[in-house]
Amino acid sequence: MRNFNLIAIAFLAVLAATSCCNSTDKTSESQKEPEVKNVIFLIGDGMGFGAVSSLLLTEDSVTGFELAPVIGLNETCSADNYVTDSPAGGTALATGVRTKNGYCGVDPEGNQLTSIMRKAQAMGMKSGIVVNTTLTEATPAAFYAGVTDRDMVYDIAKQFTECGLDVAIGSGLDPFIDRPDSLDLTATLIDKGYDVYLNWESVLKTDSDRFIGILPMADVHRRESGRKEAGAAAGHDICLAARMASVSEDTGASHLSEPTVYLQKASAKALETLSRNNDRGFFLMIESAIIDGYGHNNDSEGLIAEMKEFDAVLRELIAYVDKNPETLLVVTADHDTGSPWLTYTGHEVGGSSPITFSFGTRGHSGIVVPVFAYGAGAESFAGAMKNVDIPKRMEGLLNGSR
């Protein structure tokens, strides 16, 4: 019942947002929203209503979620299961087509799909990907690759070199250089005109218009001592996000990065680069991947901290949209993970005990997840929708403004 209560609250917010949008439709032509030139797609992997609640219940200041004028509901099923995995969930959000669990960027028959990012590129728009996981992980891969198994990382890395991105920042160097075919794909990228950086300092300092940052894992995500052991649902392997969420810091390590603000600063760097000398617009996908890991690990403390970092990214993006009103920002999740919720015990308002969430699972759930939209075209994302509707609505807005 607790999860259904969250949905009911969200649905009331959707109705309010929809009413607001209907009222806006009656305004004069001179007050119409600007056409969509840029699209920012922010995905919280595993970020269901419980994850959003963990932020809203522990943050006293106004969060980015509270600034979004339009709220919707996203039904996250895959083609063959009410409970999607990340490859299929990412594929639905990237391509507008549902596929089988385990498949990434291809339809249920294994045919290559065209993502909204690729369609934006065909319109002459610049493109970028920023993640706090590996660049070959399931969600980013769904925007540029096509495989029938998320573990085909060598194939995914090869397809990455062919996808035409202008900017990419993430982790995961091994599939690019430690390969069974002995290829050095960083050299391939350089041959294609990219500047390739392998440390955070170089990414921050570059003024290149086309660059790839492939950073050490410790540079893209904070590590804290005392984390819980990585967990998974019964019968499932422990995913990368869960492992990253449970790794403690090596006390002897020294890194150039600022992992607690990495995703915020990397997103700002991508926006700066994609906006430079650009009259055709851009498409930028940003994924906060480790929300999923804390859900798998049933780790309340980690989930709350991760959502606070997510909110810092969200507020940074909202500030960009405010300065660039021809930009659409859409925020959602590929699925819920962990089904976090609160019980009565030990959670008195103003009490001394920290908020501790209970969890319904160590896996994903089929519960609907929230959609938040801000900026040009945001009203198109009010109400209940399927995951596949989101990229279709983005494409419609872009086609209407080209």
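Modeller: One cut-off before we start: a residue counts as buried when its relative accessible area is under 20%. And keep in mind that this is a predicted model.

Colleague: Fine. What makes you say that β3 is largely enclosed by the rest of the structure?

Modeller: The count. β3 has nine residues, and nine of the nine are buried, so the strand is largely enclosed by the rest of the structure.

Colleague: Which strands does β3 pair with, and in what sense?

Modeller: β7 is one partner, parallel over six bridges. The other is β4, which also runs parallel, joined by four bridges. If you want landmarks, look for Lys126 bridged to Phe282 in β7 and Val130 bridged to Ile169 in β4.

Colleague: What's the strand order of the whole sheet?

Modeller: β5-β6-β4-β3-β7-β1-β8-β13-β2-β14, an open sheet of ten strands with mixed pairing.

Colleague: Why are β5 and β14 called edge strands?

Modeller: Each of them, β5 at 195–197 and β14 at 383–386, pairs on one side only, which means they are the edges. On average, neighbouring strands of this sheet are turned by 15 degrees against each other, direction ignored.

Colleague: Which helix lies across β1, β3, β7, β8 and β13?

Modeller: α15, residues 300–323, and its direction is at about 170 degrees to β1.

Colleague: How do you know whether α2 and α15 are parallel or perpendicular to each other?

Modeller: Check the angle: α2 (residues 49–56) packs on α15 at about 80 degrees, with the axes 8 Å apart. The roughly perpendicular range is 65 to 115, so the pair is roughly perpendicular. On the α2 side the contact has Ala51, Val52, Ser54 and Leu55, against Leu303, Ile304, Met307, Lys308 and Asp311 of α15. Sorted by class, that makes six nonpolar, one polar and two charged residues.

Colleague: Glu137 sits in a loop, between β3 and α6. Is it buried or exposed, and how do you know?

Modeller: Its value is 15%; that is under 20%, so Glu137 is buried. Its side chain makes a polar contact with the side chain of Arg150 at 2.8 Å, and that passes because the cut-off is within 3.5 Å.

Colleague: What makes Ser182 and Asn298 stand out?

Modeller: Their phi. Most residues other than glycine have a negative phi. Ser182 has a positive one of about 65 degrees, and Asn298 a positive one of about 55 degrees.

Colleague: Buried or exposed, for each of them?

Modeller: Ser182, in the loop between α8 and α9, has 64%; exposed means over 50%, so Ser182 is exposed. Asn298, in the loop between α14 and α15, has 19%. The limit is under 20%, so Asn298 is buried.

Key. Residues are numbered from 1 along each chain as its sequence is written. This is a predicted model: local features need pLDDT of at least 70, side-chain atom pairs count only at pLDDT 80 or more; totals for chains, interfaces and linings use all residues. Side-chain values use heavy atoms; hydrogens and water are left out. Two strands pair if DSSP finds at least two bridges between them. Helices (H or I, at least four residues) and strands (E, at least two) are DSSP runs, numbered from the N terminus. Axes are lines fitted to C-alpha atoms, for helices over the stretch in contact, and angles run from 0 to 180 degrees between N-to-C directions. Contact means heavy atoms within 4.5 Å. Angles under 35 degrees count as roughly parallel, over 145 as roughly antiparallel, 65 to 115 as roughly perpendicular and the rest as oblique. Ala, Val, Leu, Ile, Met, Phe, Trp, Tyr, Cys and Pro count as nonpolar, Asp, Glu, Lys and Arg as charged, and the others, Gly among them, as polar. Buried means under 20% relative accessible area, exposed over 50%, partly exposed in between (1.4 Å probe, protein chains only). A polar contact is a pair of N or O atoms within 3.5 Å; within protein, one must be able to donate a hydrogen and the other to accept it, and residues adjacent in sequence count only if both atoms are side-chain atoms.
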